[in-house]
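Here is a short report on one protein chain. Keep the sequence and the 3D view open while reading.

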Amino acid sequence: MTEDAEKPKREKRPQQVYTLVVEVGRKPGDGLPDKATGAALMCYASGVDEEEAVRETVAILKQADLAPLDVSGYGTLDDRLKAGDEIDAEERALMQRALDENSVIVAQMTPFFD
C-alpha cells in the first residue's frame, strides 16, 4: 500500500466571502486621522469558513500597522440576503474581487472621534 492510499482524502472546501467589521485602535503609523481614537473597517474576506476569514483579515491589518481590537462577522452573501440585507452591485463586485483574488478587501473606513 502506498503512502497516498493510507491517507484519507481531504475534501477541498470552497472559498467563500465573509463580511466583517473590524474595530481598530490607535497605533503609531496607522494612517488614521490625527484626532481619531480608532476606526471601524468594513471588509470582505475570503476563507473556507468565517474563522479563517477573520484570522487572515486580522493578520493583514496587523501587517498594515493597524491595531485590530474586535471583529464582528455578518456571514456570506447568502447569509446576508437571507437576513434581508440589500446588497448593491458595487458591494457584490467587491465581494467577487475578494473571492477572485483570495484576499481581504477593505471597503470602508469610518474613523471614531471622542
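## Model and conventions

This is a predicted model, in which local features need pLDDT of at least 70, side-chain atom pairs count only at pLDDT 80 or more, and totals for chains, interfaces and linings use all residues. Residues are numbered from 1 along each chain as its sequence is written, and side-chain values use heavy atoms, with hydrogens and water left out.

## Overall fold

The chain has four helices and four strands. Both are DSSP runs numbered from the N terminus (helices H or I, at least four residues; strands E, at least two). Their order from the N terminus is α-β-β-α-β-α-α-β.

Along the principal axes, the C-alpha atoms fill a box of roughly 65 × 35 × 20 Å. Of the 114 residues, 33% count as buried (under 20% relative accessible area; exposed is over 50%, partly exposed in between; 1.4 Å probe, protein chains only). Among contacts (heavy atoms within 4.5 Å) between residues at least 6 apart in sequence, 71% join residues at least 24 apart.

## Nonpolar cores

A nonpolar core is a set of buried Ala, Val, Leu, Ile, Met, Phe, Trp, Tyr and Cys residues joined through side-chain atoms within 4.5 Å. The largest one has 14 residues, and Val-24 and Leu-41 touch the most other members. Strand E1 (16–25), strand E2 (38–47) and helix H2 (50–63) each supply at least two of its residues.

Not counting residues up to four places away in sequence, Leu-41 touches several residues, among them Leu-20, Val-24, Leu-61, Val-106 and Met-109. A second, separate core has six residues, including Val-17, Met-95, Ala-98 and Ile-105.

## Helix H4

Helix H4 covers residues 89–101. Its 13 residues should span 18 Å at 1.5 Å a residue, and the end C-alpha atoms are 18 Å apart, which agrees. The expected span is 1.5 Å times one less than the number of residues.

Glu-91, Met-95 and Ala-98 are buried in H4. They cover an arc of only 55° around the axis, so they lie on the same side of H4. The arc uses the directions from the helix axis to the C-beta atoms. Ala-89, Glu-90 and Asp-100 are exposed on the other side. The cover over the buried residues includes E1, E2, helix H3 (77–82) and strand E4 (104–112). Just after H4, Asn-102 takes a positive phi of about 45°.
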